[in-house]
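Me: I am new to this structure and would like to go through it step by step. Please show it before we start.

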Amino acid sequence: MNETLAKSNELSASGFHPVVAWGLAAALGVLWWLTHRWTPRLPESRPVRAMAGLGRIVIGTLALWAFWQAAAGHLLLETTWPLPLHGLLGAAAIEIVLGLYALEKRIVPERI
């Protein structure tokens with residue numbers, strides 16, 4: 001057994017079946033979506049909103065990492081960057097775009 005593969009953070013190296021990886025990706029994706037639905041119900045304080053944003057980025061990172069792990073069970077993903085970093089960059093980008101959209105929605109008057 002390859003020692004570097006056994007110590008990696010890949011699900012396939014841990015012996016997980018691809019169906020488990022897809023299920024984990026789907027569950028984390030739904031959790032990420034639910035956190036976006038729950039955020040408006042939180043108090044309006046800045047620290048609470050910041051912690052909610054960080055929590056969404058963490059959950060989004062895990063969801064995207066699980067998706068890449070599931071895809072890697074079927075495709076050969078060649079990258080020099082670790083997959084968790086891809087997940088972090090993707091989740092941060094999605095959260096920034098959603099935040100900008102929410103800001104635009106508040107400041108642009110509705111069209112009549």
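Me: Which residues make the nonpolar surface patch of about 440 Å²?
Reply: A note before the answer: this is a predicted model. The patch covers about 440 Å² of the surface and is nonpolar. The residues that make it are Trp22, Phe67, Trp68, Leu75 and Leu77.

Me: Where in the chain is Leu77, and is Leu77 buried, partly exposed or exposed?
Reply: Leu77 sits in the loop between α3 (46-72) and α4 (83-107). Its relative accessibility is 30%. Buried means under 20% and exposed means over 50%, with partly exposed in between. Because its value is 30%, Leu77 counts as partly exposed.

Me: How many helices and strands does the protein have, and what pattern do they follow along the sequence?
Reply: The protein has four helices and zero strands. Read along the sequence, the pattern is α-α-α-α.

Me: Why does Thr35 count as buried?
Reply: Thr35 belongs to helix α2, which spans residues 18-38. Leaving aside residues up to four places away in sequence, Thr35 touches Arg56 and Ile59. The cut-off for buried is under 20% relative accessible area. Thr35 counts as buried because its relative accessibility is 12%.

Me: Which residue forms a salt bridge with Arg56?
Reply: The structure holds two salt bridges, and Arg56 takes part in one of them. Side chains of opposite charge can pair when their charged atoms come close. Here the closest N and O atoms are 2.9 Å apart, and the partner of Arg56 is Glu95.

Me: Arg49 forms a salt bridge with Glu44; how far apart are the closest N and O atoms?
Reply: Glu44 counts as exposed because its relative accessibility is 66%. Arg49 has 25% relative accessibility, so Arg49 counts as partly exposed. Between Arg49 and Glu44, the distance of the closest N and O atoms is 2.8 Å.

Me: Which element gives the most residues to the lining of the largest pocket?
Reply: The largest pocket has a volume of about 660 Å³. It is lined by 15 residues, and those nearest its centre are Thr39, Arg49, Leu98, Gly99 and Ala102. The elements that give two or more residues to this lining are α2, α3 and α4. With seven residues, the element that gives the most is α4.

Me: What distance separates the C-alpha atoms of Gly23 and Ala70?
Reply: Gly23 is found in helix α2. Its relative accessible area is 40%, so Gly23 is partly exposed. Gly23 and Ala70 are 47 residues apart along the chain, and their C-alpha atoms are separated by 8.8 Å.

Me: What share of the residues of the protein counts as buried?
Reply: The protein exposes about 8400 Å², with carbon and sulfur atoms supplying 70% of that area. Among contacts with a separation of 6 or more, 66% are between residues 24 or more positions apart. Of the 112 residues, the share that counts as buried is 22%.

Conventions:
Residues numbered from 1 in each chain as written. Predicted model: local features only at pLDDT ≥ 70, side-chain atom pairs only at ≥ 80, totals over all residues. Heavy atoms only, no water. Patch = residues over 30% accessible without salt bridge, like charges linked within 9 Å, V, L, I, M, F, W, Y side chains within 5 Å. Areas by Shrake-Rupley, 256 points an atom, 1.4 Å probe, with all protein chains shown as cover. Salt bridge = Lys/Arg side-chain N within 4 Å of Asp/Glu carboxyl O. Buried < 20%, exposed > 50% of the residue type's maximum accessible area, 1.4 Å probe, protein only. Contact = heavy atoms within 4.5 Å. 1 Å grid on protein atoms, 1.4 Å probe; cavity = no way out; pocket = protein on both sides within 12 Å on 5 of 7 lines; lining within 4 Å. Points joined across faces, edges and corners; volume = space filled by probe spheres on them.
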